[in-house]
2 protein chains.
Amino acid sequence: MTRVTADVTFLRDYNQALVMAVGRTVRSFERSTVVEATGLTPQAVSKVIARLTADGLIRPAGVRRPGIGKPAVVYELVPDSRYAIGAHVARRTLRLVLVDLAGTVHQSAVSPLPGDFTPKQLLDALTAGIGALTGIGELRGRLTGLGIGMIGPLDHAHGLVRDAHGLRHWHDVPLREVAEQHLGLPVHLDKDVTAGITAEAWRYGATFGDAALIMVESGIGAGFWLGGTAHRGAHTNAGEFGHTVVDLDGPRCVCGRHGCLEIVHHHAAEAGELARAARVVAVGVVNLLQTLDLAHVVLAGADLLRHPQAYLAAVGDAVQTDVPRADWLSTKVALSSLGADVIAAGAAMQVLDQHYGIPELAPI
Amino acid sequence: MTRVTADVTFLRDYNQALVMAVGRTVRSFERSTVVEATGLTPQAVSKVIARLTADGLIRPAGVRRPGIGKPAVVYELVPDSRYAIGAHVARRTLRLVLVDLAGTVHQSAVSPLPGDFTPKQLLDALTAGIGALTGIGELRGRLTGLGIGMIGPLDHAHGLVRDAHGLRHWHDVPLREVAEQHLGLPVHLDKDVTAGITAEAWRYGATFGDAALIMVESGIGAGFWLGGTAHRGAHTNAGEFGHTVVDLDGPRCVCGRHGCLEIVHHHAAEAGELARAARVVAVGVVNLLQTLDLAHVVLAGADLLRHPQAYLAAVGDAVQTDVPRADWLSTKVALSSLGADVIAAGAAMQVLDQHYGIPELAPI
DNA sequence: CCTATTACGCAACGCTGTTGCTAAATTTTT
DNA sequence: AAAAATTTAGCAACAGCGTTGCGTAATAGG
């Protein structure tokens, strides 16, 4: 939740979210854990824990007797106290997942979408797919909403699909509003890559630094996690990473420029030169590191995950070789920990994050 | 100021900073202006204004009689209530500026630095330069500190120069600490490009969106302003924009890779092909826009400012032509409004920002 | 002179996290 | 077996924040 001014309710929500972040990161925790992690006073932590317990979000889970003194009460998150549904809308498929408060994916289902599908067809597919999730009826009251990760361009703030690449029927569609009415659920709309990086950040926990998710799948995109939050850009259009020029004299791209990362990669992949294709992506990743100085790079996307080791090795090598070596300058490269579910799961986590994540203040 | 947990003092500082931001942006303001901009209640604004007035940071400046009713009291920032000194440390020169609370540059002085200067030599130059600023003695008590904008790599959080490019005597120098002792002033250390974009953001005001400052000057760097704050990256090393590959088969760069933006630009500039040099920078800028979706691009740096119109035209054209056209997707391209002072002035503003800027919370 | 309108602050309030202190549960020492 | 030490945890009072209710000051218009 974003607001401009800070009042005491912000204060409460913020500190409460800090405790929830601890609960999500570790399996179980006690009061002293939170005190250490947050710097809140023990008394304040007690109050927060009492509130969260009353809401059913956390629960006592035994005691710890470390030696002398009164044993400490151990608490744990109640994963099944809240759920969210995540949808990954691609050009031909709809993937739906059910995610709990701890970020665990409980169900995952893929269904085909009609070629060049319309908004109506997507809504129908969403309705059918959500209905098919087993036990969805029993989650009433615990279902916080639906997150949609979709190809752009779109307007995250207004829930508007501006002009989805390669889909004729998607110009200025107020998808969030329409879906909320159609499904009777709160809906959150974001670019696929941004949803993806949110999933990685949520699962990794609060120590997740600046990071990018590279998605190779009918195009190349990137999602960014900068300064503890998703970076969407001035018009929610950040991440068109495939359309950065890496070869001034390269082949002409659909975007009109020459030598875009995407077209160069595509040519190499088409020619069956997997190693060269992977190296091209690696060059792009190192460009990102030089520009943004990231702590994590996560690789994802259907086309990439068909040859995960080739890409992982190429990017890992390039990061080792091409970035100036220094022990203080390290970047972890990894494959998406959620595989093909990462976009849908991240979209679901964005919904949970709106309610139970760390709130933000928007400077004027 | 960064802290983890939110308490009531954070509330106060935050809302107070919002009012200061209004005061810095507009020439004069009244209570209703602030109410509208922030959403605070009139009563809350009255309290904040009373505190700021007592501290001498703002003052009444007449009344406004809009017609019927009691006239409103008009307030204004007191620019000379606080000052900061900014230093831009380049390879051969030291530039010092004196900046007031409103962000106005009052004095600017350039002095040469010895070739391959040592930390000691820089400290002496700083001492001499600061002493030479006229009227500096009368500012005691109103001087908030010294900001240093310097070539990297460096560690902003610890005030440590890791390994300044091309300077032999600068390995792991704790410049902030040393300078604080030597000068008896609080010192703030940051990369030159980050200081530069801070200057633009401060002057532009709170509505400044995601932005980058492109600096062409013995190398090409970029400073980023993302999500209402400076983006420094995981290791304060963001902005090595010159070392992004734009030509896979291009000439070998000092960094070891081939076809870096910097080396390609350098070759064109050396050959006297100004238009081509400018176009190369423009390609890089469009790459940034595709990746990060920026609202502003600011051009700066000694080498660029020797031919400002050529670069401005090339980048402006490329942004118009190469980024997918849409009325909602607009980026403003401009030359640095502070010219050669931008880095030093930005460094000074970072010091002021620490005290009177909008405080941040660091999620665990 | 009266009324409507606008600006603005005092006082009381609700809420936050903090502080001071007491109670409870356990181990260690006598 | 009893007393002391140690640690956890919460009740109660408190300070500080923005908010709300309401009274007062200052102006224009009738």
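This is a predicted model: local features need pLDDT of at least 70, side-chain atom pairs count only at pLDDT 80 or more; totals for chains, interfaces and linings use all residues.
1. On the contact between the protein chains, 56 residues of chain B are in contact with 55 residues of chain A. The side of chain B that touches chain A draws at least two residues from each of α1 (8-25), α2 (31-38), β14 (220-226), β15 (229-231) and α8 (274-292) of chain B, and α1(B) gives the most, with six residues. By residue class, this side of chain B consists of 30 nonpolar, 18 polar and eight charged residues.

2. Around DNA strand C there are 28 residues, of which A44(A), S46(B), G69(B), K70(B) and V73(B) come nearest. At least two residues of this surface are supplied by each of α1 (8-25) and α3 (42-54) of chain A, and likewise by each of α2, α3 (42-54) and β4 (72-77) of chain B; α1(A) gives the most, with four residues. The surface near DNA strand C divides into eleven nonpolar, nine polar and eight charged residues.

3. Chain A contains an open sheet of five strands in the order β15-β14-β13-β16-β17, with mixed pairing. Its edge strands, which pair on one side only, are β15 (229-231) and β17 (332-335) of chain A, and neighbouring strands are turned by 25 degrees against each other on average, direction ignored.

4. Within that sheet, β13 (residues 211-216) and β16 (residues 296-300) of chain A run parallel and are joined by five bridges; A212(A) has V297(A) in β16(A) as its bridge partner. Helix α8 (residues 274-292) of chain A packs on the sheet, where it touches β13, β14 (220-226) and β16 of chain A, and the direction of this helix makes about 160 degrees with that of β13(A).

Note on methods. Residues are numbered from 1 along each chain as its sequence is written. Chains are lettered from A and ligands numbered from 1 in the order in which they are written. Two residues are in contact if their C-beta atoms, placed from the backbone, lie within 7 Å. Ala, Val, Leu, Ile, Met, Phe, Trp, Tyr, Cys and Pro count as nonpolar, Asp, Glu, Lys and Arg as charged, and the others, Gly among them, as polar. A residue is near a molecule or strand if its C-beta atom, placed from the backbone, lies within 6 Å of it. Two strands pair if DSSP finds at least two bridges between them. Axes are lines fitted to C-alpha atoms, for helices over the stretch in contact, and angles run from 0 to 180 degrees between N-to-C directions.
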